[in-house]
Every structure is written in structure tokens, then in C-alpha cells.
Amino acid sequence: RYIYGEMAKQSVFGGIHVGQDMHFKMSKKIAQLTKVICALHTKNDEFETISNLERVAHEEELERLAKQAQAQVESFKDAISRESEYRMRIEALEASVGEHERLRSAASAEFESFKAERAKDEQRTKKRHSDEIRKLTSEMGVSRKQFDDRLAEFRELDAIRKRELDELTTKMEGRVTSEKRKLERELEMKVND
């Protein structure tokens, strides 16, 4: 029934006649699905490996925790066996703590009193120091002013003394010069005589 050329383009796939193009596409899809299946098998193998490693690690952790728990149980058993001894110690300590609390209360009250007294002393000392600092600052200001005034006076007197000394030096030089001339004239007269 089919023409030879048309038959070459078609093939039978599961009882259904399919063209060559469709056959190629289906082969390509089958190849892709095969790759996906291989990848899934590989991932499944990896998952199983990881799962086995995690299971082993989990079992080791459980074993470690069981040993740790057993050690704690043993420790608790030892603690329970020493409990009666500790109870006697606790009773003695409770009596001691009661005495300590009484002494501590007395010491605390004494300390608070001491602290309040020290605070008052500190306030008085601060006020006294503050007053002294103010007084010293004031005295220092007055002393500074007196010093500046005396320094100004001294400079003024020094200037006056220098002027007087200059005037005296000038007068003395004038006298010495006039006396020198006078003596030179007298000497000249005596020499001429």
C-alpha cells in the first residue's frame, strides 16, 4: 500500500506508524531520559554513601553519649552515697551561716556608720580645701598685684637712678674736664715762669 519513498520516511513504533523525524526526536528524548536516569542513579549512590557515613557518625555519637551518660550515672551514684555525710556538713554549715549572718549584719551596720562618717569628713575636707584654694588664689592675686606694682616702682626708680647717674656722670665729666684745663693752664704758667 505505501509508496517506497513514503515508507522510507515512516517506521512502525509500538504498532503506530511514525515518521523518520518523529523517530529521531523520540530517540533523542530516550537518550536524554537515559542520561537523567544515570544521573539519578549516581546521585542515589552518592546519597547512600553520605547516608551511610552519617549513620556511622550518628552511631558513634550515640555510643559516645551513652558512655558519657554512664559516667554521669556513676558520678551521681557516688554523690548519692556521700549525701548523708554532706547533710551533716550542711547542718553544721547552716549553723555557722546563721552566726556569720548575725556578725555580718553587725559589721554591715558598723560599716555603713563608718561610711557615712567618712562621707561627712570628705565633704568637710573638700569644703576646707576649696576655701583654702580660694583664699590662696585670692592671696596669690594680691601678691601678684603687689609684685607687679613693686616691679613697676623698681623700674621707675631704676630709670630715675639711670638718669641721675647719667646727669651726675655728665657733671663729673664736665668738672673733670674743667679741672683738667685749669691744671693744664696752671702748669703752663709755671712752666713759662
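**Figure 1. E85 in helix α3 of the predicted model.** E85 belongs to helix α3, which covers residues 83–192. The model shown here and in the following views is predicted. The relative accessible area of E85 is 36%, so this residue counts as partly exposed. What separates E85 from E61 in sequence and in space? The two residues are 24 positions apart in sequence, and their C-alpha atoms lie 37 Å apart.

**Figure 2. K43 in helix α2.** K43 is placed in helix α2, an element that runs over residues 20–81. Is K43 buried or exposed? K43 is exposed, because its relative accessible area is 57%, and the cut-off for exposed is over 50%. Between K43 and D121 there are 84 Å, taken from C-alpha to C-alpha, for a separation of 78 residues along the chain.

Figure 3. Helix α1 spans residues 4–9 and has a mean pLDDT of 43, the lowest among the elements of the protein chain. The pLDDT stays below 50 over residues 1–13. Beyond near neighbours in sequence, this stretch makes 18 contacts in the model. At the other end of the scale is helix α2, whose mean pLDDT of 88 is the highest among the elements. For the protein chain as a whole the mean pLDDT is 83, with 90% of residues at 70 or more.

**Figure 4. Order of the elements and extent of the chain.** The protein chain holds three helices and two strands. Along the sequence they follow the pattern α-β-β-α-α. The C-alpha trace spans about 185 × 90 × 35 Å along its principal axes. How does the radius of gyration relate to that of a compact globule of 193 residues? The chain has 62 Å, whereas such a globule would have a value near 16 Å.

**Figure 5. Surface and charges.** Of the 193 residues in the protein chain, 1% count as buried. The chain exposes about 18,300 Å², and 59% of this area is supplied by carbon and sulfur atoms. The protein chain carries 39 positive and 40 negative charges. The mean position of the positive charges and that of the negative charges are 5 Å apart.

Methods
Residues numbered from 1 in each chain as written. Predicted model: local features only at pLDDT ≥ 70, side-chain atom pairs only at ≥ 80, totals over all residues. Heavy atoms only, no water. pLDDT = per-residue confidence, 0-100. Helix = DSSP H or I, 4+ residues; strand = E, 2+ residues; numbered from the N terminus. Contact = heavy atoms within 4.5 Å. Rg over C-alpha atoms; globule rule 2.2 N^0.38 Å. Buried < 20%, exposed > 50% of the residue type's maximum accessible area, 1.4 Å probe, protein only. Areas by Shrake-Rupley, 256 points an atom, 1.4 Å probe, with all protein chains shown as cover. Lys, Arg positive; Asp, Glu negative; His and termini not counted. Charge placed at Lys NZ, Arg CZ, Asp CG, Glu CD.
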